[in-house]
Amino acid sequence: MAEKVKALVVDDTSFHSSFLRMYLSTKGYEVTVATDGVEGLAAARKDDFKLVFSDIEMPNMNGIEFLRSLKRLPAYASTPVVMLSTLDDEGMKQKARTFGAFHYMVKPFSSAKMDELFAKLK
Amino acid sequence: MVDAGHFEDLLEHLERDVLAIDRTGDTAIVHLLFRTVHNLKSSAAQAGLSGLAGELHGLEDAMDRVRRGKAPWTTGCYDQVARVIDLVRQNLRGDRPEPEAPAPRTRAEAAPPPVSSRWGAGLAAAELAACDLADAVGLGLYRIEKLFRRGLDRETFLALPVMEDIRELGKLIAIQPAWEAYDQGPEEQVVKFLFASPRTEEELAQVLFDPLLVLSAPRPQPAAPPKARLRIMTIEDDPTTGLLMHYILKLHGDSVLCQTGAEGLALFRAGLEDGDPFDLVVLDLLLPDLHGDEILREIREEEFRRGIHASGRQRCSVIINTSRGDLDQLMESLKNEPDGYLIKPIDMELLVGKVASLKRDRVTG
């Protein structure tokens with residue numbers, strides 16, 4: 001049986017990580033959940049994720065710090081990272097893009113938004 | 001579907017935190033409160049409660065202003081939190097929310113805010129001295145307040161991106177609580193990073209995301225008056241290379257040659273002391289007494305102590321030179337941010353090109 005593609009979800013709210021875990025599982029991903037950037041970075045170093053989602057507001061290491069640290073790892077230089085936020089703010093979107101985010105998704109999630117993202121990922 | 005248990009948990013956090021602020025006057029708790037309101041807002045939006053999410057957005061915005069030091073914590077904040085708690089409960093019960101309902105609870109008189117120094121409570125004498133020194137030379141003093149969960153080991157804590165950012169942007173003065181106290185502290189706590197930097201709040205905000213409090217803004221540095229000639233120092237222990245560079249550089253300014261790091265540093269300090277600083281130091285990395293990296297760090301420390309800003313014109317330009325094939329050493333040295341590097345045997349044209357560009361910037365005529 002072919003090995004599943006791995007995705008990493010970094011979010012301190014289980015409410016949101018559960019939604020993403022469920023959605024990504026239906027897309028055939030094997031999902032790992034981390035609850036902050038420190039855990040996320042440790043998981044990324046140990047494994048080989050092909051898609052990463054990260055919240056921005058998190059304790060210990062926020063999403064922007066996580067994104068910058070992740071993008072410095074050669075293995076993740078071209079891995080798509082989707083930043084998640086409730087803040088629909090152009091400045092923050094720009095910052096995320098500058099640091100290498102593939103997409104900035106404004107919460108709440110919806111199937112339509114996720115479908116749009118996957119169309120972009122193809 | 002609304003997960004009532006999840007909302008109730010968040011409301012309990014909110015009530016606990018707002019009461020804690022009321023009781024202790026410790027506004028650092030606003031960071032915890034902000035995070036709970038943020039989670040409530042995103043949960044409400046995800047559950048399709050858009051009206052409630054809008055109310056929570058207003059509260060989140062107000063809490064964000066308080067945690068970033070842009071607004072004080074007032075009785076109005078307390079009332080706003082209390083009103084939103086009731087609105088969430090009404091939504092959970094399916095009652096029609098009353099957006100204009102008056103605050104349904106009374107509050108005790110808020111405790112007076114804790115006494116703290118201008119820079120923050122509990123700083124050691126050496127840290128206070130560092131604040132005063134930075135302030136005296138016109139550097140900005142800032143505090144980042146960041147929410148932490150207990151459980152990070154010391155090594156991870158001290159290598160967090162926030163520490164790296166502060167090292168790049170200025171000088172760390174103090175961390176409160178220090179790792180030992182953080183490790184023994186509550187499950188969730190706010191850690192404050194006090195640092196000095198020549199950069200403005202806007203410049204720092206390009207890199208930093210967490211709330212940044214401006215304790216004192218940096219003062220603009222006056223532009224250095226144009227000079228008649230460049231002051232150049234070569235620190236090189238190999239007499240052939242040293243003399244060759246010295247004679248070539250003499251054609252472009254007042255050049256001195258030092259064969260040891262200690263001699264070079266003494267001259268560099270004397271230049272600053274006498275108001276006639278060096279414009280350029282060409283620095284060999286492998287010297288008999290001090291390593292070039294150490295000398296470069298000392299030069300930058302000395303400039304920092306005197307408030308010479310990293311982006312200002314007064315900073316001395318330092319070019320390191322090293323042997324071909326010693327790329328690992330070169331990569332290490334570049335971390336100290338020299339203004340340029342040369343590989344031996346020295347390409348004199350390259351060196352003269354760098355001197356000419358410095359001359360255009362700093363010398364009259």
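Let me begin with two strands of chain B: β7, residues 280-284, and β8, residues 317-323, run parallel and are joined by five bridges. A strand here is a DSSP run of E of at least two residues, a helix is a run of H or I of at least four residues, and both are numbered from the N terminus. Two strands are said to pair if DSSP finds at least two bridges between them. To give one example from this pair, L283(B) has I320(B) in β8(B) as its bridge partner.

Before I go on, please note that this is a predicted model, in which local features need pLDDT of at least 70 and side-chain atom pairs count only at pLDDT 80 or more, while totals for chains, interfaces and linings use all residues. Residues are numbered from 1 along each chain as its sequence is written, and chains are lettered from A and ligands numbered from 1 in the order in which they are written.

Where do β7(B) and β8(B) belong? They are part of an open sheet of five strands, in the order β6-β5-β7-β8-β9 of chain B, with parallel pairing. At its edges stand β6 (253-258) and β9 (340-344) of chain B, each of which pairs on one side only. From one strand to the next, the twist averages 20°. Angles of this kind are taken between axes, which are lines fitted to C-alpha atoms, for helices over the stretch in contact; they run from 0 to 180 degrees between N-to-C directions. Across β5 (230-235), β6 and β7 of chain B lies helix α10, residues 239-250 of chain B, which runs at about 165° to β6(B).

Chain B has another open sheet, with four strands in the order β2-β3-β1-β4 and antiparallel pairing. Its edge strands are β2 (171-176) and β4 (212-216) of chain B; each has a single partner strand, so one side of each is left without a neighbour in the sheet. Direction ignored, neighbouring strands of this sheet are turned by 25° against each other on average. Five bridges pair β2(B) with β3(B) in the antiparallel sense, and F195(B) in β3(B) is the bridge partner of L172(B).

One residue of β3(B), a strand that covers residues 188-197, is Q189(B). Is Q189(B) buried or partly exposed? A residue is buried if 20 or more other C-beta atoms lie within 10 Å of its own, exposed if 12 or fewer do, and partly exposed in between, with C-beta atoms placed from the backbone. Q189(B) has 19 C-beta neighbours inside 10 Å and therefore counts as partly exposed. Leaving aside residues up to four places away in sequence, Q189(B) touches F148(B) and Y182(B); contact requires that the C-beta atoms of two residues, placed from the backbone, lie within 7 Å. Q189(B) also lies 8.7 Å from A28(B), C-alpha to C-alpha, although the two are 161 residues apart in sequence.

I turn now to the helices. Helix α1 of chain B, residues 4-24, has 21 residues and reaches 30 Å from its first C-alpha to its last, close to the 30 Å expected at 1.5 Å a residue. The expected span is 1.5 Å times one less than the number of residues. Which residues of α1(B) are buried? They are F7(B), L10(B), L14(B), D17(B), V18(B) and I21(B). Seen down the axis of α1(B), these fall within an arc of 95°, so they line one face of the helix; the arc is that of the directions from the helix axis to the C-beta atoms. An α-helix has 3.6 residues a turn, so residues three or four places apart point the same way. The face of α1(B) turned away from the buried side carries the exposed residues G5(B), E12(B) and R23(B). The cover over the buried residues includes α2 and α4 (75-93) of chain B.

In α2(B), 17 of the 17 residues are buried, so this helix is largely enclosed by the rest of the structure. After α2(B) comes G48(B), with a positive phi near 85°.

Finally, the two chains meet: 21 residues of chain B are in contact with 17 residues of chain A. On the side of chain B that touches chain A, α2 (30-46), β1 (140-149) and α7 (161-169) of chain B each supply at least two residues. The largest share, eight residues, comes from α2(B).

Chain A itself has five helices and five strands, and its elements run β-α-β-α-β-α-β-α-β-α from the N terminus on. Of its 122 residues, 43% count as buried.
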